[in-house]
Amino acid sequence: MSTSQIPDGGHVASSAQQPVPQTETLTIAKAITRALADELAADEKVLLMGEDIGSLGGVYRVTEGLKATFGADRVVDSPLAESGIIGTSIGLAMRGYRPVAEIQFDGFVFPGFNQITTQLAKMRARTQGTREVPVTIRIPYGGGIGSIEHHSESPEALFTHTPGLRVITPSNAHDAYWMTRQAIQCQDPVIVFEPKRRYWLRGEVDTSPAAGDAQPSPFRAVTVRQGSDATVVAWGPLVPVALAAAQAAEEDGRSLEVIDLRSLSPVDFDALQASVERTGRMVIAHEAPTFGGLGGEIAARLMERSFLHLEAPILRVGGFHLPYPPSRVEEHYLPDLDRILDAVDRLFTY
Amino acid sequence: MEQPRPGAPAAQLPEGAVSLLDREGSLQRDERFARYLPYLDTLIEDRMRQMYRWMVTERRLDREATSLQRQGQLALWVPAIGQEGAQAGALAALHQDDWIFPTYREHLMALARGVTPRQLLLLFRGAAHAGWDAEQHRVQPYTLVLAAQTLHATGYAWGIARDQAGWDQDRRAQDGQITLACYGDGASSEGDVHESMVFAASYDLPVVFFCQNNHWAISVPSSTQTRVPLARRAAGYGFEGVTVDGNDPLAVYAVTAWAAEQARTGAGPVLVEADTYRVGAHTTADDPTKYRTAEEEQAFAALDPLTRFETHLRATGVLDDAFAAEVHDEAEQLAAQTREAVLGMTPETIGTLDDVFAHTYAEPHPLIEEEQAWHHQWQAGFADLESAPEVAGGESTVPVDGPEGAPA
């Protein structure tokens, strides 16, 4: 289990030997911008690709200013073609580049799905380890932004089900900065799902090397609130919701532990196991439909690992088995604080 | 006489297609094709003999592989017979360090680049997904989800363009690299071919799109993929497309050499459509009699690239009986060695599941480690059984459950 405890749900504070913190308050979006800029500066092989990421700075302005700083050759306004973006990124990676591709919205990744699943994910195994394709794919995901169809989905399970990929998602600005950098530096293909409704969530970000040293692996979960009665596992946009639920539960005299999963593939089962064996109860919350979702896989694995420690079945809170609904009714679709607390209550009825 | 089906291909080239060897193998320096003719003069006799050797070798290995598949020694084979002229012409036109992004039918190109028959057949034996070192041969692994490779070729060419930024024309012409994006008439309908041409055109990338139009996408004729010669599509992207007689190795050579020089010197992509014919089945799992006529096959057989090329080489004194006999003997020997190599692909000489566990991720991965450890335990459970005396009555001694303590 990770030892990086984050009592306030904020960032991992570095306590290394008299570090020189370089801390400022940034939104998640700007923390990612900073991470991209720092990787572009650190490695000339890094380049950004995507629709409208250059002059416009991306539809969420995550790449704002980067074209002006690094040039149109390294911050590339690509044609409107997701398969082309991913497919040429694979070719560039074969040549020794480290492309960072932006998919404009979650629901637009599917034209590139073939390249991601049949090519990117399999290339290393196909070539007996001789061809590495360190492509990073950034995908803003999730609902709650009042948008139109295809702009609010959470397709992470489709990618976690694909061997060869790594899938991570930050929930706060400090993690967004470091996990983006770690993803780009990783030799495996990494999909970074960015919680778009939290893009404007502010947090302290320490960009100092000491903070980088203290930063846990992006493939580890982090306990963002300690508790003893039940564990709530969440990721990306639902981490703040889970923390709010834990706060509310405390007022009812119930102590919830909240784990920010961070890495969706691989999953840090050791951290989850340690927690659920202490609390005996677990709720997993995600925006994606629960059927066939990642929560089901986590519940099944933990039942195998920790069956005799469980006081109740592991419960899931998630989306319904519906196409993402029109945004006027999304509040009834998305898991919220009350649905998490309801699941917690049910944990105690067994 | 069986009637050709509607849309069936005819054994005649589209109007304006570049063809230099006539059907009798005689070279016609047609002035309509003047811009390609100078490239013929760069084709020295040794190189022509080499092309002939490649073609004979591929055809012989192709037949051996088909036999091996029929005998149950290969999972599948993808015949390339009939397309040797297109592949030999294109390959001979490339520089040694140009990159080939193949489909799964560019056997001649792979073999000519030094991939051994054993390495080639590992894939078709089911022993590996890619049997050769791409960097060594400058031949990427075969791609089975067709058209995906055209985007990889385009992306790779993008990388080349970046690496060669600032080079002058002389240096580009001398040392510049290009990629050859191979695909066929079937895959021409895939969106990835379209997207790769958009990207290649938008960024002036050094890629030659090499379409072998063999007229059949398994059972569907090329007329279902396109109304016009596929080379004409290039105009829609803003670059040049040329249809060439794909059964004429010299024409394919000259056109591809021209196209490669365009791409190499910064003029951007070019599309070369080699109009050829898939003489054999799509794969050994296919039955062409269900969708095409014997008359059609005979009409195309008359265009055979190897016969035509050999006739030309003999008529011009480039090839004699002694050389032809030598090449055929070598091909026979190689076929025998290939058979031996395939039969030698025993579990001991090919990879294990551990290789796949080892190669899926570059960096440590806890789930992979956990599952591999479980698999080792599972296998270790059988080691005891192998040394134990056989149970009377033939009852299975395989445990129903995994080793104790193993995760399911």
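**View 1. Contact between helices α3(A) and α4(A) in the predicted model.** Ser83(A), Ile86(A), Gly87(A) and Ile90(A) of α3(A) meet Asn114(A), Gln115(A), Ile116(A), Gln119(A) and Leu120(A) of α4(A). By class, this contact consists of 4 nonpolar, 5 polar and no charged residues. The two helix axes come within 7 Å and cross at roughly 25°. Since angles under 35 degrees count as roughly parallel, α3(A) and α4(A) are therefore roughly parallel to each other.

**View 2. The side of chain A that touches chain B.** In this contact, 34 residues come from chain A and 37 residues from chain B. On the chain A side, α3 (82–94), α4 (113–120) and α5 (123–126) each supply at least two residues. The largest share, 9 residues, comes from α3(A). Sorted by class, the side of chain A that touches chain B has 10 nonpolar, 17 polar and 7 charged residues.

**View 3. The open sheet of 7 strands in chain A.** The strand order is β3-β2-β4-β5-β7-β6-β12, and the pairing is mixed. At the edges stand β3 (75–77) and β12 (263–265) of chain A; each has a single partner strand, so one side of each is left without a neighbour in the sheet. On average, neighbouring strands of this sheet are turned by 20° against each other, direction ignored. Helix α7 (residues 173–185) of chain A packs on the sheet and touches β2 (46–50), β4, β5, β6 (166–168) and β7 (190–195) of chain A. The direction of α7(A) makes about 160° with that of β7(A).

**View 4. Strand β4(A) and its two partners, β2(A) and β5(A).** β2(A) and β4(A) run parallel and are joined by 5 bridges. Strand β4 (residues 98–102) also pairs with strand β5 (residues 136–141) of chain A, in the parallel sense, over 3 bridges. Ala101(A) is the bridge partner of Met49(A), and Ala101(A) also stands opposite Ile137(A) in β5(A). Glu102(A) stands opposite Arg138(A) in β5(A). Of the 5 residues of β4(A), 5 are buried, so the strand is largely enclosed by the rest of the structure. Both of its faces are covered: Arg98(A), Val100(A) and Glu102(A) are buried on one side, and Pro99(A) and Ala101(A) are buried on the other.

**View 5. The open sheet of 5 strands in chain A, with helices α11(A) and α13(A).** The order here is β9-β11-β10-β13-β14, again with mixed pairing. The edge strands are β9 (222–225) and β14 (315–319) of chain A; each has a single partner strand, so one side of each is left without a neighbour in the sheet. Strand β13 (residues 282–289) and β14(A) pair in the parallel sense over 4 bridges, and Leu315(A) in β14(A) is the bridge partner of Val283(A). Helix α11 (residues 294–306) lies across β10 (230–234), β13 and β14 of chain A and runs at about 155° to β13(A). Helix α13 (residues 337–347) lies across β10, β11 (256–260), β13 and β14 of chain A and runs at about 160° to β14(A).

**View 6. Strand β7(B) between its neighbours β3(B) and β6(B).** Strand β3 (residues 207–213) of chain B is joined to β7(B) by 6 bridges, and the two run parallel. Strand β6 (residues 240–245) of chain B is likewise joined to β7(B) by 6 bridges and runs parallel to it. Val208(B) stands opposite Val270(B), and Gly241(B) stands opposite Leu271(B). From β6(B) the chain crosses through helix α12 (residues 249–264) to β7(B), and this β-α-β crossover is right-handed. In β7 (residues 270–275) of chain B, 6 of the 6 residues are buried, so the strand is largely enclosed by the rest of the structure. The buried residues are Val270(B), Val272(B) and Ala274(B) on one side, with Leu271(B), Glu273(B) and Asp275(B) on the other.

View 7. With 28 other C-beta atoms within 10 Å, Ala65(B) is buried. Not counting residues up to four places away in sequence, Ala65(B) touches Leu74(B), Trp77(B), Leu121(B) and Phe124(B). Glu296(B) is 231 residues from Ala65(B) in sequence and 25 Å from it in space, C-alpha to C-alpha.

Technical notes. Residues are numbered from 1 along each chain as its sequence is written. Chains are lettered from A and ligands numbered from 1 in the order in which they are written. This is a predicted model: local features need pLDDT of at least 70, side-chain atom pairs count only at pLDDT 80 or more; totals for chains, interfaces and linings use all residues. Two strands pair if DSSP finds at least two bridges between them. Axes are lines fitted to C-alpha atoms, for helices over the stretch in contact, and angles run from 0 to 180 degrees between N-to-C directions. Two residues are in contact if their C-beta atoms, placed from the backbone, lie within 7 Å. Ala, Val, Leu, Ile, Met, Phe, Trp, Tyr, Cys and Pro count as nonpolar, Asp, Glu, Lys and Arg as charged, and the others, Gly among them, as polar. Angles under 35 degrees count as roughly parallel, over 145 as roughly antiparallel, 65 to 115 as roughly perpendicular and the rest as oblique. A residue is buried if 20 or more other C-beta atoms lie within 10 Å of its own, exposed if 12 or fewer, and partly exposed in between; C-beta atoms are placed from the backbone. A crossover is right-handed if, with the strands pointing away from the viewer, the path from the first strand over the helix to the second runs clockwise.
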